[in-house]
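Here is a friendly walk through a structure, for a reader who likes to check each contact on screen. Please keep the viewer open as you read.

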Amino acid sequence: MFKIVVCVKAVPDPKEACNIKIDPVTKTLMRCDVPMVLNPLDKYALEAALQFKEQFDAHISVLSMGPPEAGNIVKECLALGADQGFLLSDRAFAGADAFATAYTLAKGIEKIGPFDVVFCGMASSDGSTEWVGPEIATFLKIPVVTRITEIVEYNGQWWTVKAELENGYRLVRVQIPAVFTVTRALNTPRRLSFSGIIKARKKEITQWGIQQLGVSEASVGLKGSPSIVSTIATMDSRRKVEILEGKREEKAEQLVQRLANAGVL
Amino acid sequence: MEKSCGPVWVIAEQIDCRILSVSFQLIGHGRKLAAALDTTVEAILLGHQMAEHPRQLFAAGGDRVYLGNDPELAVYQPEIYAEIIEKLAKEKQPEIILIGSTSMGRELAPLIAARLDTGLTAHCIDLVIDGNNVLESRIPAYGGLLSIICPDRRPQMATIAAGVFPNPEPDGNRTGDIIPIEVPKEIPQRIQTLKVVREEPEGMDLESATIVVAGGAGAGDPAGWRKIADLAQVLNAALGATRPTVDEGWAALETMIGQSGKMVSPELYIGVGLSGELQHMVGISGAKVMVAINNDAKSPVFEQVDYGIVDDCREFVPVFIEKIKAYREKLKTC
Ligand SMILES: Cc1cc2nc3c(=O)[nH]c(=O)nc-3n(C[C@H](O)[C@H](O)[C@H](O)COP(=O)(O)OP(=O)(O)OC[C@H]3O[C@@H](n4cnc5c(N)ncnc54)[C@H](O)[C@@H]3O)c2cc1C
Ligand SMILES: Nc1ncnc2c1ncn2[C@@H]1O[C@H](COP(=O)(O)O)[C@@H](O)[C@H]1O
């Protein structure tokens with residue numbers, strides 16, 4: 001059967017992520033209990049897998065690396081229609097950069113077993129590097145196409161996809177197994193259904209740590225990360241603002257005057 | 001001359017045989033890094049019919065160009081490009097590799113970094129050499145500025161958007177070595193770019209616009225967004241966006257301004273219904289005059305602009321448009 005792996009990340013809810021701030025004194029993160037949600041773009045990655053499964057027979061595994069709470073987003077994906085969930089969770093995984101994250105996920109994908117296609121989101125809302133998909137592909141020694149907007153043909157061993165470019169696209173032919181990172185243009189993700197939630201109760205989530213994955217502590221998490229944060233500084237982008245007062249009409253009039261005087265209108 | 005470390009590399013990018021401005025900007029900044037490290041700046045240029053182009057890279061500050069000039073390299077081919085650069089890097093041991101944060105660069109950079117077993121920093125807004133001769137990549141995050149280093153592995157890699165560093169003043173007298181690179185005999189066949197289609201961008205180009213109007217989540221809905229787009233049109237301005245508006249589908253990804261989008265420095269910037277989050281604001285820090293329209297007087301955006309309007313943008317913008325039109329009319333008549 002055709003096997004698909006979808007990588008999904010638990011991220012701080014982007015709607016509240018602005019509440020995570022650097023404490024200017026201690027230079028550490030003040031998290032303010034922002035809830036974790038499924039990375040928005042990963043919904044499109046999962047949807048791509050679900051639509052494939054609707055047309056052809058396929059088995060969908062969802063894979064996430066994160067703290068135990070990330071199990072919730074894996075469950076959400078099962079409720080949306082994925083068949084099996086895998087959570088890579090271990091204290092040793094904490095503090096991973098994109099490189100160590102991709103390495104760990106690649107190990108997870110290998111352990112899940114043979115696969116045909118891996119879907120990732122284009123970017124995560126918190127890390128937002130866009131690196132994880134291509135680095136997974138490199139560790140698995142398979143090709144990758146990033147930022148896909150359309151799957152033009154998916155017959156057999158060769159797929160043809162469109163990938164987003166500045167003001168245009170690339171048409172790419174690629175041999176599977178391959179990794180694809182998806183954009184919002186690809187599809188419209190479905191919503192959770194009640195029956196999906198009921199069905200998901202019977203589906204299992206497998207949790208693996210470093211022992212089960214057979215990786216060394218030195219190759220994952222902060223220790224396995226080539227790049228580290230060296231310093232945290234506060235940034236000063238302040239200007240001296242003039243707030244224009246009065247009724248709406250007056251404010252608009254004043255603004256036009258100010259901009260005209262500054263010679264920028 | 002004994003060099004203290006490997007060279008600074010820039011992966012130059014060409015589209016239709018034109019080298020992108022970000023490549024020159026990276027060479028210009030690469031010179032500063034190279035000076036601090038007492039080493040050279042070298043560019044890798046892959047394309048077809050590019051024999052004359054290394055001159056431009058020398059003029060921008062390059063000391064040496066590795067040139068792959070072959071029909072196979074005319075457009076970006078991920079596996080061939082990555083293979084060539086990996087092989088060359090393993091041989092030449094660059095200290096630093098800089099890549100433009102373009103569609104190609106964002107894909108190619110992690111392919112190279114993973115092959116070379118090294119770290120990579122995304123969307124940097126500054127690059128400096130620290131006291132230990134280590135590259136410090138600066139990125140805005142959580143209302144502050146993080147410095148990321150890759151202390152133990154080489155090369156140190158980073159991607160940088162167009163406009164972060166200035167265009168270097170070309171020096172036509174500079175020359176350098178051109179070293180041809182061979183296309184691998186066994187070309188990997190698992191992935192092929194069949195064609196590249198470029199469409200005329202809609203609306204005004206952000207990078208060259210003298211006025212930029214940027215809309216944020218405060219637009220509320222497509223109708224609210226339309227009003228901000230109208231303001232841009234009346235001002236003959238380019239319309240930019242924040243990330244949530246791209247997420248909502250109101251604006252195209254290409255129009256996003258900020259750390260992971262475009263960097264622009266217009267004469268006038270008007271931010272409408274946006275909160276002034278650093279990741280957005282770093283994209284317009286070079287603007288001359290800045291205005292914010294936001295209904296929350298406590299919004300951080302008001303600390304970062306010259307003129308502030310505290311009002312509902314959906315109500316204010318149409319009135320502002322009328323006033324601009326009236327002003328323009330008056331200019332015409334007198
Ligand atoms: C790694 C990373 C990279 C990022 N890169 C970028 C980037 O390149 N570009 C980018 O833009 N973002 C980027 N972001 C996201 C960024 O952190 C912010 O989330 C985003 O810029 C906020 O957009 P916003 O101001 O439109 O929305 P919000 O922060 O939600 O602000 C909306 C504002 O609108 C105001 N408002 C609401 N209603 C009205 C109304 N009726 N009239 C007037 N005002 C109103 C509110 O007071 C509020 O201030 C990045 C984030 C991360 C983690
Ligand atoms: N911890 C993680 N677990 C599972 N998938 C991830 C993780 N981090 C990143 N990804 C995948 O990689 C994509 C790009 O993430 P990033 O490189 O952080 O922008 C995401 O959309 C996910 O599909």
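## Ligand 2 and its surroundings

The side chain of A:Thr129 has an N or O atom 2.8 Å from an oxygen atom of ligand 2, a polar contact (a pair of N or O atoms within 3.5 Å; within protein, one must be able to donate a hydrogen and the other to accept it, and residues adjacent in sequence count only if both atoms are side-chain atoms). The side chain of A:Ser124 also brings an N or O atom to 2.6 Å from an oxygen atom of the ligand. In total, 20 residues surround ligand 2, and A:Asp42 and A:Met65 are among the closest; a residue counts here if one of its heavy atoms lies within 4 Å of the molecule.

This is a predicted model, in which local features need pLDDT of at least 70 and side-chain atom pairs count only at pLDDT 80 or more, while totals for chains, interfaces and linings use all residues. Residues are numbered from 1 along each chain as its sequence is written, chains are lettered from A and ligands numbered from 1 in the order in which they are written, and side-chain values use heavy atoms, with hydrogens and water left out.

## Ligand 1, between the chains

Where does ligand 1 lie? Its place is between chains A and B. It is surrounded by 29 residues, the closest being B:Ala217, B:Thr242, B:Ser260, B:Ser275 and B:Gln279.

B:Gln279 places a polar side-chain atom 2.6 Å from an oxygen atom of ligand 1. In the side chain of B:His280, an N or O atom is 3.3 Å from an oxygen atom of the ligand. A nitrogen atom of ligand 1 is 2.8 Å from a backbone N or O atom of B:Cys313.

## Where chain A meets chain B

Chain A gives 70 residues to the contact and chain B gives 84, with contact meaning heavy atoms within 4.5 Å. Together the chains bury about 7,100 Å², 59% of it on carbon and sulfur atoms; this is the accessible area (1.4 Å probe) that the two parts lose on being put together, summed over both. The interface has 10 salt bridges (a side-chain nitrogen of Lys or Arg within 4 Å of a carboxyl oxygen of Asp or Glu). One of them joins B:Glu107 and A:Arg170 at 2.9 Å, N to O.

On the side of chain A that touches chain B, helix 7 provides the largest share, 10 residues. Helices (H or I, at least four residues) and strands (E, at least two) are DSSP runs, numbered from the N terminus. By class, this side has 36 nonpolar, 15 polar and 19 charged residues; Ala, Val, Leu, Ile, Met, Phe, Trp, Tyr, Cys and Pro count as nonpolar, Asp, Glu, Lys and Arg as charged, and the others, Gly among them, as polar.

Strand 14 of chain A runs antiparallel to strand 10 (residues 144-149) of chain B, joined by 6 bridges; two strands pair if DSSP finds at least two bridges between them. A:Ile228 has B:Ile149 as its bridge partner.

## Backbone details

Most residues other than glycine have a negative phi, and most peptide bonds are trans. A:Ile176 and A:Pro177 are joined by a cis peptide bond, with omega about 5°, and A:Pro177 sits in the loop between strand 11 and strand 12 (178-182) of chain A. Another cis bond, with omega about 0°, links B:Arg154 and B:Pro155.
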